[in-house]
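Subject: Handover of a structure, with findings

Dear colleague,

Please find below the structure I am handing over to you. My notes on it follow directly after.

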Amino acid sequence: MTRVLVAGAGVAAVECVLALRDLAGSRAAIELLAPAAEFVHRPSSVKTPFGGAPAARIDLRRLATELGIKVRRDGVDSVDTQSHQVLTRDGDRVAYDLLVVATGARSREAVPGAVTFRGPMQAGLVERAVARVAAQPDLRLAFAAPASVRWLLPLYELAMLSAAALHDQGISEPDIVVATGEHEPLEVFGSAASEAVRGALDRAGVQLVTSAAAASAFEGALRLVSGELLPADVVVALPEIVGPEIRGLPRDSHGFIPVDVHGHVEGCGDEFAAGDVTAFPIKHGGLAAQQADAVAEAIAARLGAIGMPEPFRPVLRGLLLTDEASLYLRTELGAGGRREQRLLPAPGTASRNALWWPPGKVAGRYLTPFVAGGAAAGTLDDREPSDGADGFELLMQAAEQDAAAGDHRSAVQTLDDAEAWLGPLPVPAAQRREAWRRLIASTTR
């Protein structure tokens with residue numbers, strides 16, 4: 001049996017393990033080398049500063065139990081490709097036949113003077129920043145990002161959710177601005193998405209300043225890369241993402257690992273990489289999951305479990321949380337991380353109805369269903385936009401979204417309400433509710 005070592009504890013690592021077990025079956029002896037005991041659903045943490053549930057966490061021992069894999073609590077220090085061994089941070093050597101590096105990247109402050117939002121651990125900092133504006137409504141609250149950041153969706157979410165929180169505290173017209181280096185908001189998704197995001201910002205009362213990448217913040221102003229000053233009293237910024245620079249593996253000037261379309265590390269024989277650790281320019285959970293799927297297919301093909309493996313063909317899916325209904329965004333990207341250039345480029349897709357199912361914040365073929373209901377929950381399916389949906393469909397979408405964010409209690413309550421209003425639940429919905437109830441029970445023992 002081939003020993004496949006997957007290093008990491010994030011989206012790409014968990015997606016790769018799930019995909020490998022499904023595609024390669026018993027041909028692979030899978031070991032997960034994870035520096036953390038839990039998988040943290042980081043994208044959902046954007047709601048935490050505004051009274052939302054904490055970011056969902058999954059004990060990685062669930063993978064061992066449900067998939068029959070080995071989980072080792074440790075991290076990667078270096079890789080010896082000649083001896084096929086990973087040296088861990090604790091000083092152990094772990095042998096492998098095939099290695100998948102999915103350790104993610106590092107984040108660091110890139111806008112000095114600003115509150116940097118990196119995920120769950122910084123939720124309290126953002127909460128205090130909003131509270132400061134609530135106490136002094138004349139202050140201007142700015143949301144910004146450095147020029148190097150390509151994934152800016154959380155910036156718009158934080159701004160609109162802050163506006164909603166301040167409205168709820170009786171501040172009818174808070175002074176909030178988003179400063180983005182983009183020419184149009186979320187332009188990577190295309191014109192349809194940019195138009196929809198502009199509309200959502202307008203309705204939330206959030207100002208937008210484009211072509212305005214941030215350099216630093218100081219008392220009363222945000223300095224832009226252009227040298228201009230933008231009035232701002234409180235600044236919340238996204239971090240810069242840098243590579244982990246793993247010794248023994250090739251890396252680019254920023255520390256990221258170069259890979260081909262199957263996730264094979266350039267210049268190596270039995271080493272693969274997926275997710276934010278790679279040199280793909282957009283660091284996004286859904287893309288990390290797609291890279292992990294490509295790696296799993298390449299390994300399964302090498303083991304003779306499947307035929308020709310599918311390469312990484314990036315499809316960008318984004319779920320934008322607003323104070324209104326969520327906005328689903330989708331577009332196809334080229335190999336370099338930019339939108340596909342066609343004779344008549346498609347405008348991308350933006351919809352108030354789910355464009356994939358289950359409608360999680362991170363759209364992973366295996367991960368999203370796993371977070372929602374366990375390893376037996378199925379795989380992700382894309383959907384076409386529709387003009388509307390019946391009442392039950394909308395409630396089911398809301399329940400699935402809550403479950404994907406880890407709020408299984410809200411998901412159960414939504415389906416309980418749907419049953420009370422609309423009658424008996426269809427069998428699939430009733431099964432989902434029962435699965436969520438079991439998950440709640442298992443975490444409260």
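Two strands are taken to pair if DSSP finds at least two bridges between them. The model is a predicted one, and the notes below should be read with that in mind.

**The antiparallel sheet**

By that criterion, β7 (residues 85-88) and β8 are antiparallel partners, joined by three bridges.

**The parallel sheet and its helices**

A second open sheet has five strands, ordered β5-β2-β1-β9-β20, and its pairing is parallel. Here β5 (70-73) and β20 (271-273) are the edge strands; because each has a single partner strand, one side of each is left without a neighbour in the sheet. From one strand to the next, the twist averages 20 degrees.

Within this sheet, β2 (residues 28-34) pairs with β5 in the parallel sense, over four bridges. Leu33 has Arg72 of β5 as its bridge partner.

Helix α1 (residues 11-24) lies across β1 (2-7), β2 and β9 (98-101), and runs at about 170 degrees to β2.

Helix α1 has 14 residues and spans 19 Å from its first C-alpha to its last, close to the 20 Å expected at 1.5 Å a residue. The helix is mostly covered, with 13 of its 14 residues buried. Gly25 follows α1 and has a positive phi, near 60 degrees.

**Salt bridges**

How many salt bridges does the structure hold? The count is 15, and three of them are described here.

The salt bridge between Arg3 and Asp97 has its closest N and O atoms 3.1 Å apart. Arg3 is in strand β1, while Asp97 is in the loop between β8 (93-95) and β9, so this pair ties together parts that are 94 residues apart in sequence. Both partners are partly exposed: Arg3 has a relative accessibility of 39%, and Asp97 has a relative accessible area of 27%.

Arg108 and Glu240 form another salt bridge, with 3.0 Å between the closest N and O atoms. Since Arg108 lies in strand β10 (residues 106-108) and Glu240 in strand β19 (residues 240-242), the pair ties together parts that are 132 residues apart in sequence. Arg108 is partly exposed, its relative accessible area being 40%.

A further salt bridge links Glu297 to Arg365, where the closest N and O atoms are 3.5 Å apart. Glu297 belongs to helix α6 and Arg365 to the loop between β24 (356-357) and α7 (367-373), so parts 68 residues apart in sequence are tied together by this pair. Is Glu297 buried or exposed? With a relative accessibility of 10%, Glu297 counts as buried, because the cut-off for buried is under 20%. Arg365, at 33%, counts as partly exposed. Salt bridges with shared partners join Asp293, Glu297 and Arg365 into one network.

**Aromatic pairs**

The structure has three aromatic pairs. One of them is formed by Tyr328 and Trp356: their ring centres are 5.2 Å apart and the planes make 75 degrees, an edge-to-face arrangement. The planes count as edge-to-face because the cut-off for that class is over 60 degrees. Tyr328 lies in strand β22 (residues 327-332) and Trp356 in strand β24, so the pair ties together parts that are 28 residues apart in sequence. Both residues are buried, with a relative accessible area of 2% for Tyr328 and 0% for Trp356.

With kind regards

Notes. Residues numbered from 1 in each chain as written. Predicted model: local features only at pLDDT ≥ 70, side-chain atom pairs only at ≥ 80, totals over all residues. Heavy atoms only, no water. Helix = DSSP H or I, 4+ residues; strand = E, 2+ residues; numbered from the N terminus. Axes fitted to C-alpha atoms, helices over the stretch in contact; angles between N-to-C directions. Contact = heavy atoms within 4.5 Å. Salt bridge = Lys/Arg side-chain N within 4 Å of Asp/Glu carboxyl O. Buried < 20%, exposed > 50% of the residue type's maximum accessible area, 1.4 Å probe, protein only. Expected span 1.5 Å × (residues − 1). Phe/Tyr/Trp six-rings, centres within 6.5 Å; stacked < 30°, edge-to-face > 60°.
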